[in-house]
Amino acid sequence: MAEERRLTKKGYMTQTGEGELLLVNEKGVAYLVNESIVAVWDRFENKTVDEVISEVAEISEISPEELREPIRELVEALVKAELLS
């Protein structure tokens, strides 16, 4: 994955009747997610993965090194799900 590529969120977030969070891509496919996933997805507005890792590290008090792999894996999944491009 190109670390320098700028990504922007696609689709939208909604909730089920039970209050579960869903991210829905532009094709209408919904994915059940949690608040942490939404928080990372929501930060992508023409930003690189490294920029988002730095932002999340600042607000979560978790080191960028600890966040790097989980966020990269999440980004790969969100790109495949057409929720980031």
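**Figure 1. The whole chain at a glance.** The chain's secondary structure comes to 3 helices and 5 strands, and what you see here is a predicted model. Along the principal axes, the C-alpha atoms fill a box of roughly 35 × 25 × 20 Å. How does the radius of gyration fit a compact globule? A compact globule of 85 residues would have a value near 12 Å, and the chain has 13 Å, which agrees.

**Figure 2. An open sheet of three strands.** Here you can look for the order β2-β3-β4, in which 3 strands form an open sheet with antiparallel pairing. Which strands lie at the edges? They are β2 (12-15) and β4 (30-33), each of which pairs on one side only. From one strand to the next, the twist averages 35°. As you trace a strand, keep a general rule in mind: in a regular strand, side chains alternate between the two faces of the sheet.

Figure 3. Strand β3 covers residues 21-24 and pairs with β2 in the antiparallel sense over 4 bridges.

**Figure 4. The hairpin of β3 and β4.** Now move on to β3 and β4, which pair in the antiparallel sense over 4 bridges. Leu-21 can be picked out here, standing opposite Val-33 in β4. This hairpin has 5 residues between its strands, and the residue with a positive phi near 90° is Gly-28.

**Figure 5. A helix lying across the sheet.** Which strands does helix α1 lie across? Helix α1, made of residues 35-43, lies across β2, β3 and β4. The helix runs at about 35° to β3.

**Figure 6. Where α2 meets α3.** Helix α2 (residues 49-60) packs against helix α3 (residues 64-80) at an angle of about 130°, and their axes are 9 Å apart. The two helices are therefore oblique to each other, and α2 passes α3 in a right-handed crossing. On the α2 side, the contact is made by Val-49, Asp-50, Ile-53, Val-56, Ala-57 and Ser-60. From α3 come Pro-64, Leu-67, Arg-68, Ile-71, Arg-72 and Val-75. How do the residues of this contact divide by type? There are 8 nonpolar, 1 polar and 3 charged residues in the contact of α2 with α3.

Notes. Residues are numbered from 1 along each chain as its sequence is written. This is a predicted model: local features need pLDDT of at least 70, side-chain atom pairs count only at pLDDT 80 or more; totals for chains, interfaces and linings use all residues. Side-chain values use heavy atoms; hydrogens and water are left out. Two strands pair if DSSP finds at least two bridges between them. Axes are lines fitted to C-alpha atoms, for helices over the stretch in contact, and angles run from 0 to 180 degrees between N-to-C directions. Contact means heavy atoms within 4.5 Å. Angles under 35 degrees count as roughly parallel, over 145 as roughly antiparallel, 65 to 115 as roughly perpendicular and the rest as oblique. A crossing is left-handed if the near helix is turned anticlockwise from the far one by less than a right angle, and right-handed if clockwise. Ala, Val, Leu, Ile, Met, Phe, Trp, Tyr, Cys and Pro count as nonpolar, Asp, Glu, Lys and Arg as charged, and the others, Gly among them, as polar. The radius of gyration is taken over C-alpha atoms; the globule rule is 2.2 Å times the number of residues to the power 0.38.
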